[in-house]
Amino acid sequence: MAMIHEHLYQSETLAHINFKEYTKRIVDNIFLSYGAKIKKKLEIQDIKLDIDTAIPLGLIINELVTNSIKYAFPTGEGTITIKLTTKDGNIELIVADDGIGLPESIDLEKTETLGLKLVNILTKQIDGKITLKTGQGTQFKITFKAPRDVENIH
């Protein structure tokens, strides 16, 4: 939340946040706090999002990246990939890792873990749909309709 406020104060308007910069700062801070030595790969489209979208997305990224760092890499080696793209009026967020993976039997709708419950709630808050791929690592994909006032930065 402090980073959101900082980004708002630094932006030209109080309505939008440069989401590429914001995501980079979230992920860098998580890696720093955990002393993570794994690799990170960010492929974030250069867009500005309103705070009603940026806050839940930032919290989702925080939760999924933190879980990957804590649980996916028992050997301390691997890569976490975060992608955010816009296409045909939708935004797609992918948070993936090449770690040990989640059990294939996991049901996102009925999960008992607080973190994944939070991810589900936040996804519903932005009227999104979440899908999970397991096997060779774990991939969460969240797709939702782009807010009308999304700004591409070029």
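**View 1. The start of helix 2 in the predicted model****.** At the N-terminal side of this helix, Asn18 places a side-chain oxygen within 3.1 Å of the backbone nitrogen of Lys20. Helix 2 itself covers residues 19-34, 16 residues in total. From first C-alpha to last, helix 2 reaches 23 Å, close to the 22 Å expected at 1.5 Å a residue. Just beyond the other end of helix 2, Gly35 adopts a positive phi of about 60°.

**View 2. The buried residues of helix 2****.** Phe19, Tyr22, Thr23, Ile26, Val27, Ile30 and Phe31 are the residues of helix 2 that count as buried. Viewed along the helix axis, these buried residues fall within an arc of 165°, so they line one face of helix 2. An α-helix has 3.6 residues a turn, so residues three or four places apart point the same way.

**View 3. The surroundings of Phe19****.** Neighbours within four places in sequence are left out of this view. Phe19 is then in contact with Ile44, Ile47, Lys48, Leu49, Ala54, Leu57, Gly58, Ile61 and Leu84. Phe19 is also one of the buried residues of helix 2.

**View 4. The largest nonpolar core****.** This core has 36 residues. Phe19, Ile61, Val65, Ile82 and Leu93 are those with the most contacts inside the core. Two or more residues come from each of helix 2, strand 3 (47-50), helix 3 (51-72), strand 4 (79-87), strand 5 (90-97), helix 4 (114-125) and strand 7 (137-145). Helix 3 gives the most, with eight residues. In soluble globular proteins, nonpolar side chains tend to be buried together.

**View 5. Helix 3 and its N-terminal cap****.** Asp50 caps the N-terminal end of helix 3, with a side-chain oxygen 2.9 Å from the backbone nitrogen of Asp52. Helix 3 has 22 residues. The reach of helix 3 from its first C-alpha to its last is 30 Å, close to the 32 Å expected at 1.5 Å a residue.

View 6. From the N terminus on, the order of elements is α-β-α-β-β-α-β-β-α-β-β-β. The protein has 154 residues, of which 43% count as buried. Among contacts between residues at least 6 apart in sequence, 69% join residues at least 24 apart. The accessible surface comes to about 9000 Å², and 52% of this surface belongs to carbon and sulfur atoms.

How values were computed
Residues numbered from 1 in each chain as written. Predicted model: local features only at pLDDT ≥ 70, side-chain atom pairs only at ≥ 80, totals over all residues. Heavy atoms only, no water. Helix = DSSP H or I, 4+ residues; strand = E, 2+ residues; numbered from the N terminus. Expected span 1.5 Å × (residues − 1). Buried < 20%, exposed > 50% of the residue type's maximum accessible area, 1.4 Å probe, protein only. Arc of directions from axis to C-beta. Polar contact = N/O pair within 3.5 Å; in protein donor to acceptor, adjacent residues only side chain to side chain. Contact = heavy atoms within 4.5 Å. Areas by Shrake-Rupley, 256 points an atom, 1.4 Å probe, with all protein chains shown as cover. Core = buried A, V, L, I, M, F, W, Y, C linked by side-chain atoms within 4.5 Å.
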